[in-house]
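Good morning, and thank you for making time for this item.

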Amino acid sequence: MAITKYKNHVIAFFILGIPFFAELYLSIFFDEYHIFLYANERVLIRSLQILTLFLTTFITYLLTDYKKIIILIWTLLIYIPTALNIVSVYVSGFPIYEDFMNAIFSTDIKEAILCLKDYAAYIIFNLGIIIFAFSLKNIKSISANKHYRIYAYALLGANFISADLISFQNIISITNEYHADLREAKEFDKKHIPLKGITCEIDNNFSQTYVIVIGESVDRKHMSIYGYNRQTTPYFDNLKSELFVFKNVNTAHAFTSGAVKSMFQLDLNTSSTQQYTLIHFFKDAGFKTFWFSNQGRFNIFDNSVMRLGKLCDEYAFINNAGINDKSLFDESLLQYFHTALKDKAKKKLIVLHLIGSHTPLIFRYPSNFDRFKLPSNYFDKGKAICTAQYDNSIFYTDYILNKILNSLKKYNGYSAMLYLSDHGQDINDTKECDLGARKGPNAYEIPFILWVSDEYKNKNSAFIKAWNTDTPYVTDKTAYTIIDLARMKHKSIDLSKSILSMQEKSN
């Protein structure tokens, strides 16, 4: 057989193997990519699996008349999953995992289009390869002997069964987990069993208002209250003596849905298998709950963040235009916040979910907050513009937080506000200021700032004295901190997970 007769087939099939071989190459020669294999000692085994599977698939391809079916199988089980795996590692530093699938399934159409634009060259390249492979003429196979073909099919089947198709298996497993979570989450509020026996050190005759403000994509190192060289948080800077600025808090997830969901989860020290959240706890404790969000709506998928909001007694998702349009600024949430403050309920939990510093940044603040411009000297103009816009968005968020605090201060009683971000952003560490990448520490190092009223301070001076703002903390335990802040207890809730009691309990 003249190899030139099958030249296009050989070239196309080897091209389709590029992601597979790239995964192997990165795993062998770069320590940071050993995560593809989940264990360094499996490099040799993985190498043999990849080479064997590739060669047997290629042999079967040559021996059959149904070449496009073989290409389709390879494309669906190997090419696409492995390419997605490589993208996931590039974006987040991890192979395909739950947050990656959350980001895919929970996004709205406009955000998906923006993401496609960011990876246009990568997508076009891959589509070109797949189209080229499928456009080949269906030339005759090497051998018409059906026994060779049966042997080839059997060999191919055995290899696909025995091969460790990590990327494909991850996608199937995590997709199943995601949809199982969706099904369970839709039912868990219906199955909710109220928690009895909640106690509170604060007299029920006092009014209580606790506010949680969730920011978006904020790297604390871009806040002047954390030492940034630009004054991006002038209002908070002026209030510094009134604030508890926790310096060592990291998010648990680099994607909004995973991060926010984990903030509100509670593990009960009981035999109960029910999903229990901070919203449930406060409702069981007699609080009226509110959730107001300026994030994009996800009515098609009804993601985990929206489901949390819908647990509340009152909620509103005000951003109808989508997060990638010039929609409402975060100031639009204030009218909902003021209405909640005026509510007659004596005990209230209010959650405000900002759009904050979500891309595209130019849509996140009014023109009069365009404070930071290009510096006189910069290494890359695109990155400098992006950084200036990012800092302007934080400057605007600081203004919003000041408005919230000023309104909260007007109401008597116990009150407190916690501001934290869902995740950070690789604003400084990526080429061309690539805001899609969240691989480094900047993606996880977030602000965690607490304010409490004077009345709260007067009644809880000993408790406050034990707070340590240098305590390392992860935001998947935030719910315990809020319960501790509200001075509530229950035998099934472990308050040693609260950042406010870690220092106290360790003494």
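The structure holds 11 salt bridges, a salt bridge being a side-chain nitrogen of Lys or Arg within 4 Å of a carboxyl oxygen of Asp or Glu. In general terms, side chains of opposite charge can pair when their charged atoms come close.

Before the individual pairs, a word on provenance. This is a predicted model, in which local features need pLDDT of at least 70 and side-chain atom pairs count only at pLDDT 80 or more, while totals for chains, interfaces and linings use all residues. Residues are numbered from 1 along each chain as its sequence is written, and side-chain values use heavy atoms, with hydrogens and water left out.

I begin with Asp391, which forms a salt bridge with Arg230, the closest N and O atoms being 2.6 Å apart. Asp391 lies in helix H15 (residues 381-409) and Arg230 in the loop between S2 and H10, so this pair ties together parts that are 161 residues apart in sequence. Helices (H or I, at least four residues) and strands (E, at least two) are DSSP runs, numbered from the N terminus. Both Asp391 and Arg230 are buried; buried means under 20% relative accessible area, exposed over 50%, and partly exposed in between, with a 1.4 Å probe and protein chains only.

Which side chain makes a polar contact with the side chain of Asp391? That of His222 does, at 2.7 Å. A polar contact is a pair of N or O atoms within 3.5 Å; within protein, one must be able to donate a hydrogen and the other to accept it, and residues adjacent in sequence count only if both atoms are side-chain atoms. His222 sits in the loop between S2 and H10 and is buried, with a relative accessible area of 0%. The C-alpha atoms of His222 and Thr387 are separated by 9.4 Å, although these residues are 165 residues apart along the chain.

The loop between strand S2 (208-215) and helix H10 (234-238) also contains Ser217. Its phi is near 60 degrees, a positive value in a residue other than glycine. Ser217 counts as buried because its relative accessibility is 2%.

I turn next to Lys247 and Asp470, whose side chains meet in a salt bridge at 3.9 Å, N to O. Lys247 lies in the loop between strand S3 (243-246) and strand S4 (249-250), and Asp470 in the loop between helix H17 (461-465) and strand S12 (473-474), so the pair ties together parts that are 223 residues apart in sequence. Lys247 is partly exposed at 45% relative accessibility, and Asp470 is partly exposed at 46%. Thr469, also in the loop between H17 and S12, is buried at 18%. Leaving aside neighbours within four places in sequence, Thr469 is in contact (heavy atoms within 4.5 Å) with Phe244, Val245, Phe246, Lys247 and Asn248.

A further salt bridge joins the side chains of Lys288 and Asp343, at 2.8 Å, N to O. Lys288 is in strand S7 (residues 288-296) and Asp343 in the loop between helix H14 (334-342) and strand S9 (347-353), 55 residues apart.

Finally, Glu201, Arg487 and Lys489 are linked in a network of salt bridges. Arg487 is found in the loop between helix H18 (478-485) and strand S13 (488-489). Arg487 has a positive phi of about 60 degrees although it is not a glycine, and it is buried, with a relative accessible area of 11%.
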